[in-house]
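Please read the following points alongside the sequence and the structure.

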Amino acid sequence: MALARRLARALLADARARGDRPSASAFEFPRRARSSASASSSSSTPKSDDSSSRASVALLAPAALTGALGAWQLARREEKIQAIDARARALETTVSASLARVGGGTPEYARASVAGELDLERTARVGPRARSVCGVTVPGSLIVTPVRLKRERRSGGWLGGRGARDDGAAAPAAETALLLRGWAPDSWTDVDPKAGACVKTGGVARASEMRGRFTPDNDPSEDRWFWLDAPALARSRGLPEDTPLIQAVNASEDESAAVVYPVAVKESELMAFPVSPDKHLGYAATWFTLSAFSMALAVAKIRRSAGYRL
């Protein structure tokens, strides 16, 4: 009996060594592995959904951005069309030079004839303003000179006292105006300032320039003018801040005529804009095309990703 027991124990040990009867612990490992895998899968599902949402937003962002830029260009086109119409209406308006104050009932680009004597000793240069001359870029500046206006004869008396404003109040007529004579190179010098000079020219009422983001501030104490600030320029010349600013206009379109400095703006340039409505429309078409391509690529990528997960 004892021998039989020892033999049975030896056979059982040999069977266990060969793996004929795996123990219960061998069956427990796959179960634990499967349960841990299912648990990790269920816990990672929300994170996977969140990452997919962020990826979708990132893919659609370029399409939304380019679409917004296209809509902005269409809005800019409408604004430019309105600006062109407003300027065309202003050019049909005529005002006296002494009352050509923009913002005081006078629209910018209203026509005004200037006749008087230039005060050359108080001329200011606004710049630098480079310009192409015969294909060569030449540094220069805008020439602004006060002009003592000649008194105009109007019905009811001489103009030089008071003029009527839109609000019914009396507005004093200016005796002096700032004349934006045009552009001249830095090498150009005016005639003898003490000699004086008479002027008679057509022009348009203008407002101050908008200072650029990177444009330095003016320095009236040093008589340095980087952008045209009419009130400050008039104050520095001992004139009232509401002194009219009038830009001289050259009515001649003869390209063969000799160049005389300062070069006044031409009649055809009054309706010129840096960016035309047609250019805005072209920019909008470009942005909308990029938006459509970006949207198509984003949708295709999202659909592929969703199909792969399913």
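1. A residue is called buried when its relative accessible area is under 20%. By this criterion, ten of the ten residues of strand β10 (residues 176-185) are buried, so β10 is largely enclosed by the rest of the structure.

2. The model is a predicted one. The protein contains four helices and 13 strands. Of its 310 residues, 28% are buried.

3. Strand β10 pairs with strand β5 (residues 140-149) in the antiparallel sense, over nine bridges. Within this pairing, Gly-140 has Pro-185 of β10 as its bridge partner.

4. Strand β10 is also joined to strand β12 (residues 245-250), and here the two strands run parallel, with three bridges between them. Leu-179 has its bridge partner in β12, namely Ile-246.

5. As to contacts between residues at least 6 apart in sequence, 70% of them join residues that are at least 24 apart.

6. The accessible surface of the protein amounts to about 20000 Å², and carbon and sulfur atoms account for 57% of that surface. Leu-60, Met-295 and Val-299 make a nonpolar surface patch of about 210 Å².

7. Which helix holds Val-299? Val-299 lies in helix α4, which covers residues 277-309. Val-299 counts as partly exposed because its relative accessibility is 36%, a value to be read against the limits of 20% for buried and 50% for exposed.

Terms used. Residues are numbered from 1 along each chain as its sequence is written. This is a predicted model: local features need pLDDT of at least 70, side-chain atom pairs count only at pLDDT 80 or more; totals for chains, interfaces and linings use all residues. Side-chain values use heavy atoms; hydrogens and water are left out. Buried means under 20% relative accessible area, exposed over 50%, partly exposed in between (1.4 Å probe, protein chains only). Contact means heavy atoms within 4.5 Å. Accessible areas come from the Shrake-Rupley method with a 1.4 Å probe; for residues, only the protein chains shown count as cover. Patches are made of residues with over 30% relative accessible area and no salt bridge: like charges are joined within 9 Å, nonpolar side chains (Val, Leu, Ile, Met, Phe, Trp, Tyr) within 5 Å. A salt bridge is a side-chain nitrogen of Lys or Arg within 4 Å of a carboxyl oxygen of Asp or Glu. Two strands pair if DSSP finds at least two bridges between them.
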